[in-house]
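What do the terms for cavities, pockets and cores rest on here? The questions below go through them.

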Amino acid sequence: MSGTLYGLGVGPGDPELVTMKVLRVLRGLPVVAYPAPDEGASFARSVVASRLSPVQIEIAIRVPMTPAVAPAQAVYDRAAVEIAGHLEAGRDVGVLCQGDPLFYGSFIQIFERLMPQFRVEVVPGISSLMACAAAAGLPLATRDAVLTVVPATLPEAILEKRLKQAETAAILKLGRHFRKVKRVLDRLGRAERARYVEHATLASQKVLPIAAVDPGSVPYFSLILVCARD
Ligand SMILES: C[S@@+](CC[C@H](N)C(=O)[O-])C[C@H]1O[C@@H](n2cnc3c(N)ncnc32)[C@H](O)[C@@H]1O
């Protein structure tokens, strides 16, 4: 019988925010995969590192940090083949995912490739959105309000159009796109009521007004929350 593919949401970074269910599933897994940069450590793995066992087979899915889509797709193709090999051999495989697996998670890449053939179970995680709202003390949505989520990777004109229509908004995948997002928020007159959150729930967490952010040192694990207009 084939193994099961688990998508495991490990939360925003603080190991105390990993759910009991993720820890229980993780303990029983013979194979654990996770996304990692070209070089260096995996953020998702670091969150649960103390819970991994030396007998578990680990698969680092090394995704190149390039805007081009093709290289990453080739990496996911190869990872899916490797994971499928374990599943076919009857071994369960867990794919660790920062935050929640199905919210902009790289797990979706593996999920879409293997879901037609294998049993898949997704264990949700606390998303960066919830962690950043808690860190900034900003309500995301109440009553009949609409929350808009946009990736900062969108072209400037599209970002502006989306944010112009938005009540409360969250802008993810900030990193090197910070300057572009700031220009848009300034034009829309919404920078003053926005909050920048970096490394939410980690010791390095920062919550800052947009004007106080150094655009040259914005990491990938940061987002902006834009408050609803009065
Ligand atoms: C590819 S998305 C993954 C989202 C993730 N699956 C989730 O549920 O939060 C990565 C983006 O999430 C945001 N992010 C993730 N963790 C964060 C953290 N601890 N603090 C601030 N932003 C974070 C950043 O905007 C980052 O660029």
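**Core, cavity and pocket**

Ile-61 touches Ala-33, Tyr-34, Pro-35, Ala-36, Val-75, Tyr-76, Ala-79, Ile-83 and Ile-110, leaving aside residues up to four places away in sequence; contact means heavy atoms within 4.5 Å. This is a predicted model: local features need pLDDT of at least 70, side-chain atom pairs count only at pLDDT 80 or more, and totals for chains, interfaces and linings use all residues. Residues are numbered from 1 along each chain as its sequence is written, and side-chain values use heavy atoms, with hydrogens and water left out.

Q: What makes a set of residues a nonpolar core, and which residues have the most contacts inside the largest one?
A: The members must be buried Ala, Val, Leu, Ile, Met, Phe, Trp, Tyr and Cys residues joined through side-chain atoms within 4.5 Å. Buried means under 20% relative accessible area (1.4 Å probe, protein chains only). The largest such core has 22 residues, and Leu-5, Ile-61, Ile-83, Leu-87, Val-95, Ile-110 and Leu-114 have the most contacts inside it. With eight residues, α3 gives the most to this core. Helices (H or I, at least four residues) and strands (E, at least two) are DSSP runs, numbered from the N terminus.

Q: Which residues line the largest cavity, and what makes a space a cavity?
A: On a 1 Å grid over the protein atoms alone, a cavity is a set of points where a 1.4 Å probe fits but cannot get out; lining residues have an atom within 4 Å of a point. The lining here is Pro-35, Ile-61, Tyr-76, Val-95, Ser-106, Phe-107 and Ile-110. About 30 Å³ of space lies in this cavity, the volume being the space filled by probe spheres set on grid points joined across faces, edges and corners.

Q: What makes a space a pocket instead?
A: A pocket is an open set with protein on both sides within 12 Å along at least five of seven lines. The largest pocket holds about 1,400 Å³ of space. Its lining has 47 residues, and Met-65, Tyr-104, Ser-106, Lys-173 and Tyr-220 are the closest to its centre.

Q: Why is Arg-143 called exposed, but Lys-173 partly exposed?
A: Arg-143 has 82%, so Arg-143 is exposed. Lys-173 has 28%, so Lys-173 is partly exposed. Arg-143 has a positive phi of about 50°, and phi of Lys-173 is near 55°.

Notes: Buried < 20%, exposed > 50% of the residue type's maximum accessible area, 1.4 Å probe, protein only.
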